[in-house]
Amino acid sequence: MEMYKNFSWYKDLPSSTLDIYEPNIELFFETMYERLMIWKRRFVDKKERPWTKDKILDKYKFTNVYRDLDKNSQWEIKNIILDNELTLKNLVWKIMVFRFFNNPKTFTFDAKEKITEGSLFNCRKLMSANRWRNGIPDFDKYNEDEFSDFIRIVRESGQNPYTSAYLINSMAAPKKDRDYCYTRVVIPALHKNINNIIKATLSSKTPEELILTLEKLPGVAAFIAHEFYQDFTYISKYTDRKFMKWTQNDYTNVGPGASIGIRLIYPSLEGFKSQRKAIYLLRDNASKYLDKISNQRGEKTPYVAFNKKTRKYEIVKECNITLHQIEMWLCEFQKYWKMQIGKGKQRSEFIPTTKKIIV
């Protein structure tokens, strides 16, 4: 935590002599509960805004407790994961290409509508992204030059091809721009190594072993490797395919945001191994705290599960909060805490859009 000592919020952290700071563990689960209720009130109860009395959660943008309910993951699940006609190789390839960019607008982009006489590129053969199934070229039809041209056209139109949700690292191609890095280094390397990735996923003895394999890819560090891992869990969660034998409860990363969140709850914990144990502890206690809040509020916690037969999300009684949801919400929780004390980077305002939940 010393690396954060010059930040305005650092002095507001609980004393590092405390093993647990109870007000923050209560607040952690209270905000988790309320974010779940926002989703339920909006998409299940179909109520009009406001969906919460919490002024911070109402006004500012926070991810869903379940990552797969966020709009980018929803697009990936609907357009890639649930496409039963994709071979396993094509499925894994498209999942990973998508998550590198993590922006549905890129893969629904119609290039022919944006090409102008002043375009620097010969894009006659690049009619539109829609000629690619799922908006992403099939593994066997991928062409480096064509895909590079496509991303350049997206950029030329004024649209950022990448997500704004997390930092896209371009250090795999020093002194080159991000588009060059990803279209000329990262994606070609992924294409070259896709068979090795599938083999490693099937043969690795532990999740950590698989993560180490993924981190060897250009442009991949701990965060994006963890994102790929979570996407791989969707294959068995949403379909009858068998691919990776581990779930969201078998592994999680401790990102920088989650680390701060842990520091707010367990102030004396330091180091990756200790903080990772904290995520397990919070997961194991989730039901106890959320049941307590449910009883106080008079509404059951809306745990969400996907029914593969009906292809609908359902509210279930049993607590199914995983390590991954705890890690994600720790990151969101520390953002909430900073908003609450009025320090640090402030969140973007939440402007609802029409978002289809899979049915």
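**Note on a predicted structure**

1. In helix α8 (residues 207-214), P207, L210, I211 and L214 are buried (under 20% relative accessible area, with a 1.4 Å probe and protein chains only). These residues lie on the same side of α8, because they cover an arc of only 100° around the axis, taken from the directions from the helix axis to the C-beta atoms. Helices here are DSSP runs of H or I with at least four residues, numbered from the N terminus. The cover over the buried residues of α8 includes α4 (88-101), α7 (178-203) and α9 (222-238).

2. This is a predicted model, in which local features need pLDDT of at least 70, side-chain atom pairs count only at pLDDT 80 or more, and totals for chains, interfaces and linings use all residues. Residues are numbered from 1 along each chain as its sequence is written, and side-chain values use heavy atoms, without hydrogens and water.

3. The largest nonpolar core has 105 residues, of which F29, M32, M96, F100 and F101 touch the most other members. Such a core is a set of buried Ala, Val, Leu, Ile, Met, Phe, Trp, Tyr and Cys residues joined through side-chain atoms within 4.5 Å. Helix α1 (residues 22-44) gives the most to this core, 11 residues.

4. Beyond its neighbours within four places in sequence, M32 is in contact (heavy atoms within 4.5 Å) with V65, L290, I321, Q325, I326 and W329.

5. T52 sits in the loop between α1 and α2 (55-59) and is buried, at a relative accessible area of 9%. Residues touching T52, not counting those up to four places away in sequence, include E34, I38 and R41.

Key:
Buried < 20%, exposed > 50% of the residue type's maximum accessible area, 1.4 Å probe, protein only. Helix = DSSP H or I, 4+ residues; strand = E, 2+ residues; numbered from the N terminus.
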